[in-house]
Amino acid sequence: MSLGKILWVDDEIDSLQSQILFLENKGYEVNAMTNGFDAIDFVKENMVDVVLIDETMPGITGLETLAKIKEMNQHVPVVLITKNETENLMNEAIGSQITDYLIKPVNPNQVLLSLKKIIDNKRLVAEKTTTAYQQQFRNLFMALNNNPDYNEWMELYKKLVYWELEMEKSDSPEMRDVLQTQKQEANTEFFKFISKNYASWLSPKSNDSPVMSHTLFQSKVFSNIEKGVPTFFVLIDNLRFDQWKAIQPVFAESFRILEEDTFYSILPTATQYSRNAIFAGLLPVDIEKQFHQQWKNDDEEGGKNLFEEEFLKAQLKRSRKDDVKLSYTKVLNHQAGQDLVNNVHNLLGNDLNIIVYNFVDMLSHARTEMEVLKELASDEMSYRSITTSWFVHSPLHQALKKIADKKFNLILATDHGSVRVKAPYKVVGDKQTTTNLRYKHGRNLNYEPKDVLAFRDPREAGLPVPTVNSSFIFAKEDGFLCYPNNYNYYANYYRNTFQHGGVSMEEMIVPVIKMTSKNN
């Protein structure tokens, strides 16, 4: 079996017969051409794994041949072989998307190494990734069973995300399955951990709590505000840590990443609760007390996130930062995004600019409702891919690139994540029970206690009491809450969709990233 099909184009090909023989003995199939025209015709008619092109050939140069080949097959790897390494030539070659280059005279081992790097790279990386994860598997398993605290849980989740992303390079479905099983075990333990500790974190007497939604600004944002250098706080709704890792390289092109951290979203891991808590700097039970007119419970009419700016101004005042020059921009649709692009320069005169970008949340909900998006984002890998594709082409990316050469600090965060749900849990409730899939509140809720984290007194979870005797329940791991009526229909309809509101690492352990412009 051939290790790969090579096309070698050189007007002095006869002098390379010993090298071609060397490669053939190593297991490669080599097709030799003496000019660019024949090479172009060959690529038109045949599949090729790598093209080796001499730069200086009569009739049509190597670069011209390269351009024509790329027009026909953009993804075929091309190695340019050149006598000189002048800057102009190399710039042009790299701009034309060469995969590698070799300087004449080349020896057989140089060519072999280049081919191995190109053709075998994916296989070698996959094998190395699988072996490395096998070595780490035991360490992760031990960490999981070592009673981790909230900091160790954040580190554990980051490691699992790291391996999930690394496994994209592996072609071993068995190892991916092992990782998914380990992730499920981690979420089972994480649910127990949250059930045991969550209420105590919120107690006024607690002196050992993680950074959470309602303490995010005090812990991560206010200390970054400095006169003369604007701070942008960008909240991308419903952005999981693995989705951040997918778009991180795009940010790294324009910004220096100073700190990559995580914090805990409050429960329910839903926009109305977690985002209002972020901007108010208060738990929902306290927001309802202090802003009784503005707070809306799930079952009440009206928008649930209409007063974020007002909540933030009150938090700034409480923190004696009411002299901060503030702007607040919410982007709910493409036009608002274009307005941000056009207006972003004007924001540089402020001390603190808040940008709330709702796209990812819209994507996850749309994904549930629209069959085409179910196809596009059918699993975590495609969900990350679609997030990256969105961000690269988004007005948010355009706006940030537009001011990337200015001096400013950038904090990127989210309000909560989401989890792909698989297991339906039956819940019975009265007419007042809410419709959310990952959490519910109402009176007389009937459920299987092992499936949920329940708070009979919502105030223990820092939540308002919507009606007398209301309790809150939160789905664990990858479960979702269904009523008995039409149970099978809804169980099948929502299975494998991304939801939020409950207890999982993906929903609760979320990114907060500090960056600065490269000129800062």
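1. Basis. The model is predicted: local features need pLDDT of at least 70, side-chain atom pairs count only at pLDDT 80 or more, and totals for chains, interfaces and linings use all residues. Residues are numbered from 1 along each chain as its sequence is written, and side-chain values use heavy atoms, with hydrogens and water left out. Helices (H or I, at least four residues) and strands (E, at least two) are DSSP runs, numbered from the N terminus.

2. Sheet. An open sheet is formed by six strands, ordered S7-S19-S10-S6-S9-S8, with mixed pairing; two strands pair if DSSP finds at least two bridges between them. Strand S7 (255-264) and strand S8 (326-331) are at the edges with a single partner strand each, so one side of each has no neighbour in the sheet. From one strand to the next the twist averages 15°.

3. Strand S10 (residues 409-413) pairs with strand S19 (residues 509-517) in the antiparallel sense, over five bridges. Ile411 has Lys514 of S19 as its bridge partner.

4. Helices on the sheet. Helix H10 (residues 271-280) lies across strand S6 (231-236), S7, S8 and strand S9 (352-357), and runs at about 165° to S6. Helix H12 (residues 308-318) lies across S8 and S9, at about 155° to S8. Axes are lines fitted to C-alpha atoms, for helices over the stretch in contact, and angles run from 0 to 180 degrees between N-to-C directions. Contact means heavy atoms within 4.5 Å.

5. H13 and H17. The axes of helix H13 (residues 334-343) and helix H17 (residues 395-402) come within 8 Å and cross at roughly 5°. H13 and H17 are therefore roughly parallel (angles under 35 degrees). Residues in the contact include His334, Leu340 and Val341 of H13 and Pro395, Leu396 and Lys402 of H17.

6. H9 and H16. Helix H9 (residues 241-254) packs against helix H16 (residues 380-393) at an angle of about 35°, with the axes 9 Å apart. Among the residues that meet are Ala246, Ile247 and Phe251 in H9 and Tyr383, Arg384 and Phe391 in H16.

7. Salt bridges. The structure holds 26 salt bridges (a side-chain nitrogen of Lys or Arg within 4 Å of a carboxyl oxygen of Asp or Glu). One of them joins Glu168 and Arg384, at 2.7 Å from N to O. Glu168 lies in the loop between helix H6 (150-166) and helix H7 (173-202) and Arg384 in helix H16, so the pair ties together parts 216 residues apart in sequence.

Technical notes: Angles under 35 degrees count as roughly parallel, over 145 as roughly antiparallel, 65 to 115 as roughly perpendicular and the rest as oblique.
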